[in-house]
Amino acid sequence: MIKTRTAIALAAAALLAPAALAQTADVVLTDGNATATFGNPFGDPGFFQTGWDVAGTSHLSEQSFLFRGSNTAFSSFLDGETPTGSLVSDTNFDGDDDTFFVQYDILGGVRTEITYSLAGGEGSSISSTIGELISFTNTTSETISFSFWQFVDLDLGGDSDDSRVEILGGNTAEQADAAGGVFASESVTTPSPDGFFAGTLSDVNDWVLFGGADSTGGSFDPAADLAWAFRWDFTLEAGDTAQISKLKSIVPTPGAAGLLAMGGLFAARRRRA
C-alpha cells in the first residue's frame, strides 16, 4: 500500500469495502512533458492519484479523497466505492488522453463527479498543471450533510524530503523542494475550504482522522516528508449541486513567475479544447 495511506487506512479499515469489479488497468493521462497516473477506478485499491511525472521525475506520492456523512464515525476513502462510470479523452487532439472523468454515488444519493485535466510543458522544462473540478448533486428528496477531504502527499524532486509547506489565505497550498529546484502550488478557486492542515505527513494523517485545529504549516529543518489536506462541509437540499474548482501547478523555483505563465498556458489550452 502506498506509504501516505497507511496511517489512515489502519484506523478506517473496518469501514472500507473493496471495489466490486475486477481490476483492468490504471488510468494514465499524458500531455507534453507530463503524465498523471490514477489507480483503476474499478479495481482494488481503486481510484486515487498515484503519480505526477514532469520531465521524467515523479513529484507525487498520492492524492486521494475522503468523505464522511453526518452519521458516519470515520472517514471513508472514495476508492472504497464502486464508480457508476468513468471516461478518458483527448481534448486537444494530439493523440494522448489528457482528461479523466469519474462518477460515484456516495452516501445513498450524492452523485459525485470528478474531472482531472492535465497540461504539460515542453521538453525538459519543469512545468505542468492539473485542473480539477468536483461536483456533488443531491439526487434524493431529503437534505444531506457531509464533509469532503482532499489529501495530498507531494514528493517534489523525486524524493520525500521537502523544506516548506504552507496554506495561504485559507485556499492556497504551497510546497517547496528541499533541494530548491521545484515548487508546487494549489489554488482553490471556489469554494474556499472550511478546514485545512499542512505539516508533516503523520500530523496531516492525524488531522484527517481525528480533526482538531487548522494548521498553516511552515518551514521544516531538517527537511521532512510533508503533506496537506483541505476539508469542505456541505449541506445540500434535494436537487442542489455544489462544486469545487481548483488548479495545481508544478514549476521551477522560484514559483511566482512560473505559476502565472502556467496559469495562462492552462487557460489557453482549455479555450482551444
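Author: The side chains of Glu-62 and Ser-64 are joined by a polar contact of 2.6 Å; such a contact is a pair of N or O atoms within 3.5 Å, in which, within protein, one atom must be able to donate a hydrogen and the other to accept it, and residues adjacent in sequence count only if both atoms are side-chain atoms. The model is predicted, so local features need pLDDT of at least 70 and side-chain atom pairs count only at pLDDT 80 or more, whereas totals for chains, interfaces and linings use all residues. Residues are numbered from 1 along each chain as its sequence is written, and side-chain values use heavy atoms, with hydrogens and water left out.

Glu-62 belongs to strand S5; strands (E, at least two residues) and helices (H or I, at least four) are DSSP runs, numbered from the N terminus. Glu-62 has a relative accessible area of 0% and is therefore buried, a term that means under 20% relative accessible area, with exposed over 50% and partly exposed in between (1.4 Å probe, protein chains only).

A cavity is a set of points, on a 1 Å grid over the protein atoms alone, where a 1.4 Å probe fits but cannot get out, and lining residues have an atom within 4 Å of a point. Rolling a probe the size of a water molecule over the atoms shows where empty space is left. The search of the whole structure finds 1 cavity of 30 Å³ or more. The volume of the largest cavity is about 40 Å³; grid points are joined across faces, edges and corners, and the volume is the space filled by probe spheres set on the points.

By class, the lining holds 5 nonpolar, 3 polar and 1 charged residue; Ala, Val, Leu, Ile, Met, Phe, Trp, Tyr, Cys and Pro count as nonpolar, Asp, Glu, Lys and Arg as charged, and the others, Gly among them, as polar.

Gln-150 lies in strand S11, residues 144-154, and is buried, with a relative accessible area of 0%. The side chain of Gln-150 also makes a polar contact with that of Glu-186, at 3.0 Å. Leaving out residues up to four places away in sequence, Gln-150 touches Gln-63, Ser-64 and Phe-65, and its other partners include Glu-132, Trp-228, Ala-229, Phe-230, Trp-232, Lys-246 and Lys-248; contact here means heavy atoms within 4.5 Å.

The wider setting is as follows. The chain has 3 helices and 18 strands, and buried residues make up 50% of its 273 residues. Among contacts between residues at least 6 apart in sequence, 63% join residues at least 24 apart. The accessible surface comes to about 11000 Å², of which 53% belongs to carbon and sulfur atoms; accessible areas come from the Shrake-Rupley method with a 1.4 Å probe, and for residues only the protein chains shown count as cover.

Notes
1 Å grid on protein atoms, 1.4 Å probe; cavity = no way out; pocket = protein on both sides within 12 Å on 5 of 7 lines; lining within 4 Å.
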